[in-house]
Amino acid sequence: MSTNTSPEDKPVITFQIITDTHVTADRNHEYNLNFELALRDIAAHGEGSSGIMHIGDVTDHGFPAEYEEMLRILKQYKTELPGITFTLGNHDVGLGNWESRLGMYTSQTGMSGPYHDHWVNGYHFIMLGTEQGLPKFCDLSSEQLDWLEHKLGEQASPDQPIFLFLHQPLKDTVAGSLESQDWYGVTQDTELKEILSRYPQTLLFTGHTHWELEVDNTMFPGDGEIATMFNAASVAYLWTNEDKHKEGSQGFYVEVYSDNVLVRGRDFKTGSWIEAAHYEVFYPAVSVY
């Protein structure tokens, strides 16, 4: 895809996005090895990064042994990587006692709760998360939605992007989120869309579906009416439009410039860029290429 960003331009900040690592207790499992590959790729190519944003399903079942393995992998690359910020996924809390699973998640990831926000070099990063242990869906309390609207309004400007992360996509938006596909998943879908319609400068990144980045609807354009949304695929394994499992590991590298955001798909298995997943969102204009 075409880009208006010239080679001599330098981004204000850069960061990477990964999701659905599904780390297991078996250090030789493909999912674990793919997580290592992703971190190795970021360590090699993410110089100057302001952080890694993880969009949930950190582990496969939320078991203590899986978190131990996740932390072991992270420790190997700790000195080579920027900090990692986690989002809550359904696999992290969907089974067993909700409070116990949430406690395990927060203690092992260092996150303060199901939802939290961070300012990075003047840019707002907001993480949302379910407040019930549902099998697939995300349930956002009215308190969380009120908190979100307040946070979106903090120092908000149509000239500057806000980065929002939620494990489950909104219905009928990005790849895998069609109602018939059964992988969308926010109980308060209508309410969240209404809030995002008031902040169309937001970029919403989601995981959950595992859909590969090569498909056409990896990005859902906001067109100035709602947030622009991106499906971030998966590190553990991929899914296709033919509704089939596919081996692979993908994510995003993001570069933020003074008037636009460049989102580039990355294949962690091959260590190469995914040309079909190359997007540029301009501010304050709504043009997307």
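The largest cavity is lined by Trp119, His124, Glu154, Gln155, Ala156, Ser157, Gln160, Pro161 and Ile162. A cavity here is a set of points, on a 1 Å grid over the protein atoms alone, where a 1.4 Å probe fits but cannot get out, and lining residues have an atom within 4 Å of a point. The model is predicted: local features need pLDDT of at least 70 and side-chain atom pairs count only at pLDDT 80 or more, while totals for chains, interfaces and linings use all residues. Residues are numbered from 1 along each chain as its sequence is written.

The structure holds one cavity of 30 Å³ or more. A pocket, by contrast, is an open set with protein on both sides within 12 Å along at least five of seven lines. A volume is the space filled by probe spheres set on the grid points, which are joined across faces, edges and corners.

| Space | Volume |
|---|---|
| Largest cavity | About 50 Å³ |
| Largest pocket | About 190 Å³ |

Ile52, Leu71, Leu74, Lys75, Lys78, Leu81, Pro82, Gly83 and Ile84 line the largest pocket. Helix H2 (residues 64-76) contributes the most to this lining, with three residues; helices are DSSP runs (H or I, at least four residues), as are strands (E, at least two), numbered from the N terminus.

Helix H6 (residues 189-197) has Asp189, Leu192, Ile195 and Leu196 buried, that is, under 20% relative accessible area with a 1.4 Å probe, protein chains only. Seen down the axis of H6, these buried residues fall within an arc of 130°, so they line one face of the helix. The arc is that of the directions from the helix axis to the C-beta atoms. Their cover includes helix H5 (142-153), strand E6 (162-166) and strand E7 (202-206).

How values were computed:
Heavy atoms only, no water. Buried < 20%, exposed > 50% of the residue type's maximum accessible area, 1.4 Å probe, protein only. Contact = heavy atoms within 4.5 Å.
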